[in-house]
Amino acid sequence: MILLALNPLSLLRAMPGAVAQGLIWGIMALGVYITFRLLDFADLTVDGTLATGGATAVMLIRVAGMEPWAALLVSFAVGMLAGMVTGLLHTALGIPGILASILTQISLYSINLNIMGKSNQPINVDQYRLVVSSRYISGDALMKLKFYGGVILGCLILVAILYCYFGTEQGQAIRATGCNMRMAKAQGINTNFHTVLALMISNGLVGLSGGLYAQYQGAADVNMGRGAIVIGLAAVIIGEVLFGKFCAGRKMAFAFTMVAVIIGAVIYYAVIAFVLWLKMPSDDLKLFSAIVVAVFLSIPYLKGRFGRKGAAKS
Amino acid sequence: MSGEARQYALELKDIHKTFNPGTINEKVALDGLELQLEEGDFVTIIGGNGAGKSTMLNAIAGVWAVDRGSIIIGGADVTGLAEHRRARFLGRVFQDPMTGTAATMSIEENMAIAARRGRRRTLKWGVTKEEKSRYREMLKRLDLGLEDRLTSKVGLLSGGQRQAVTLLMASMQRPKLLLLDEHTAALDPKTAAKVLELSDEIIRENRLTAMMVTHNMKDAITHGNRLIMMHEGRIIYDVRGEEKQKLHVSDLMAKFEEISGGEFANDRMILS
C-alpha cells in the first residue's frame, strides 16, 4: 500500500505553513469576493495585482528603506491603481469586463518586471523587520502565537472595516450596482463610478495580500500571482459551500461570509498540503485547483438543470 | 388659467429615436413625439405592440439618448443628462417585478437607496434608526405583512410584494414624474388590482404627476385624468377629463381597429 509509505508527521508539519498561507491569501480572496460576488464582475486583474503588491513592498523596503508595514499601505494603494485602470477601461472605454481585466493583468507583468528590474527579488527576514515571515512559524511558541494572533487579528479588522463600509451609503450603492444595474441607475446611482470604486477596493486588498505574501515567503516574484484568481474563487466557493447555510439569514451575515471566505482560503491551502503529501506532483497543482473550482462553480447550474431528477432519487 | 408662461410638468418636443439605424433591423421607435403634461396629470398610455409606449418612458428616463428633440421635466431640460442624473426627478416602476429592486439586499436597504435618490452617496451609515421606523410605518400601510420583515432580502418576496415596495421606493423624495411601465402586467389579476389601487393611492396622496403604460384598456379608462393612445411612435389620440370618463372599452377598440385596418391611411385622418 502506498499510503503506508506516507508519513503522517510530515503532513502535520506542513499544516502551520498552510494555515499561514491561507490566511494571507484569504485577504486576496476577500478582494475576489467583492468583485465576483458583490459586483458580479470576473476580474482577472488580480493575477497581476498580487505580484505588483509584492514587488512594490519588497522594493520599497529594500531600496527606499521603508518600514515593512508602511510598504504594505503602498501595496494597497498600487493595487487600487491597478483596479482603477481595469475599471476605467471597462466603464469609460466600454471594453468588456473580463477583457479589460486581462489587458491590465498583462500590462502589469511588464510593470512588475520594471518595478523589480528582474523577475525575482528576495528580501531577507534577518535584515528587515518584516510584518510576516515563514520564519516566524518555525520559531518558539511565543513567536508563533504573535504571528498567528497578529495575522488573524489583522484579517478580522479588515472584515470589520469592510463590513462597515458596505453598510454605508456608498457601500450600498456598490452592492446595488452589482446586484441590479437597472435598479441602481433608476435610483440615481452612478453605476460606472461605483464599479470603478469596487474594483479599486478589491485590487487594493489583493495588492495588500501580495505585499504580505512577498514578505512571508521572503521574495517577490513576477509569477507569484499566476492563477491567483483561481485560488481566490476556490476560497470563495469553499467558504460558501461549507458555511453558506450557517451564514445565511443571520445578523451580520455579510461579516460571517467574509470570515468564511478567509477560512475557505485556509482550507484550500490545507487541501493543497494534503494532496502534496499524497505525492501529487506540484506541477499538477494548478490543474488540480482549476478542476476543483470548475466542479464547484458548475454545481449550482447542474443542480438547476437536473434538480428534479436528483430530488426524485433521494 | 394661472399665469401665461405656463410651466409643464413634462414637455416632450419633437422626439425622434431610431434603433439600429442603417441596419436590416432598423426601427423608427419615436417619430416626432410631442406631449405636454400638466402638474398633477395622471395619464394612462395605450397602444399596440411597438407603438412606442415603453420607448417613450425610456426616453424620458434617459436609458439611451434620443436622436432629436428635447425633454423638459418641470422646466429643467434633461435631454443631455445621463440616466442616473435624471433619476432625481423620476420615480420608476417596471414591468418585471425583479427590475425595480435589488434582490440580494434587504427591504430597508432598498428603501434607503431610494430615499437617497439624486443625492451623493457618502460614507454615512446606509440606513439610520429613524429611517427604519419610518419605513416600518410606510410598509404597514401596504398591509402585506412586510413591516416585520425590514431586514428580509427582497428576493424572498413575491412579485406583487416587490412591485408594492418598488412603488413605495418610487414615491420617495416626491418625484416630479412617476413612470409606471406596465407595472401590473406580470402579476396575477388579484395582485394586479391591488397594486393598481396602491398606485392610485400613492399618486393621489403625494399629488404626483404620473404616466402609466398599460395593455388593459379598462384600467386605462378608469385610472387617471387623461388617456393617450400611441401608434408608430406618435400620439394619435389624447382625451382628458369628462370626455375620458365617458369612454368605453368599445370606443378604444374601435380606435384600435381604425388604426390597424387603415395601416396605410394617414394618422391625421384618424384624428379628425
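Strand β1 (residues 10–19) of chain B runs antiparallel to strand β2 (residues 27–37) of chain B, and 8 bridges join them. This is a predicted model. Within that pairing, B:Thr18 has B:Val28 of β2(B) as its bridge partner.

β1(B) also pairs with strand β4 (residues 68–73) of chain B. Here the sense is antiparallel, over 5 bridges. B:His16 stands opposite B:Arg68 in β4(B). The next step is from β4(B) to β5(B): 2 bridges, again with the strands running antiparallel. B:Ile72 faces B:Asp77 of β5(B) across that pairing, standing opposite it.

Together these strands make an open sheet of 4 strands in chain B, in the order β2-β1-β4-β5. Its pairing is antiparallel. The edges are β2 and β5 (76–77) of chain B, each of which pairs on one side only. α1(B) packs on this sheet and touches β1, β2 and β4 of chain B. The direction of α1(B) makes about 70° with that of β2(B).

As background, strands of a sheet pair through backbone hydrogen bonds, either parallel or antiparallel.

β6(B) and strand β7 (residues 177–181) of chain B run parallel, joined by 4 bridges. B:Val93 has its bridge partner in β7(B), and that partner is B:Leu180.

| Strand pair | Bridges | Sense |
|---|---|---|
| β1(B) and β2(B) | 8 bridges | antiparallel |
| β1(B) and β4(B) | 5 bridges | antiparallel |
| β4(B) and β5(B) | 2 bridges | antiparallel |
| β6(B) and β7(B) | 4 bridges | parallel |

### Helices of chain B

α5(B) has a helix partner as well. Its axis and that of helix α6 (residues 189–205) of chain B come within 10 Å and cross at roughly 10°. Angles under 35 degrees count as roughly parallel, so α5(B) and α6(B) are roughly parallel to each other. From α5(B), the residues in this contact are B:Gly160, B:Gln163, B:Ala164, B:Leu167 and B:Ser171. They meet B:Thr191, B:Lys194, B:Val195, B:Leu198, B:Ser199 and B:Ile202 of α6(B). By class, the contact has 5 nonpolar, 5 polar and 1 charged residues.

Just after α4(B), B:Asp143 takes a positive phi of about 60°.

### Helices of chain A

In chain A, the axes of helix α2 (residues 46–62) and helix α9 (residues 228–247) come within 7 Å. They cross at roughly 105°. Angles of 65 to 115 degrees count as roughly perpendicular, and α2(A) and α9(A) are therefore roughly perpendicular to each other. A:Val46, A:Asp47 and A:Leu50 of α2(A) make the contact with A:Ala228, A:Ile229 and A:Gly232 of α9(A). By class, that contact has 4 nonpolar, 1 polar and 1 charged residues.

A:Ala71 sits in helix α3 (residues 68–91) of chain A. Is A:Ala71 buried or exposed? A:Ala71 has 27 other C-beta atoms within 10 Å. The cut-off for a buried residue is 20 or more, so A:Ala71 is buried. Leaving aside neighbours within four places in sequence, A:Ala71 is in contact with A:Ala57, A:Leu60, A:Ile61, A:Met66 and A:Gly211. A:Leu297 is 226 residues apart from A:Ala71 along the chain, and their C-alpha atoms are separated by 35 Å.

### Where the chains meet

In the contact between the chains, 20 residues of chain A meet 25 residues of chain B. On the chain A side, the elements that give two or more residues are α6 (169–179) and α7 (181–186) of chain A. The largest share, 8 residues, comes from α6(A). By class, this side of chain A has 6 nonpolar, 10 polar and 4 charged residues.

Definitions and conventions
Residues numbered from 1 in each chain as written. Chains lettered and ligands numbered in written order. Predicted model: local features only at pLDDT ≥ 70, side-chain atom pairs only at ≥ 80, totals over all residues. Contact = placed C-beta atoms within 7 Å. Nonpolar A, V, L, I, M, F, W, Y, C, P; charged D, E, K, R; others polar. Buried ≥ 20, exposed ≤ 12 C-beta atoms within 10 Å, placed from the backbone. Pairing = 2+ DSSP bridges. Axes fitted to C-alpha atoms, helices over the stretch in contact; angles between N-to-C directions. Parallel < 35°, antiparallel > 145°, perpendicular 65-115°, else oblique.
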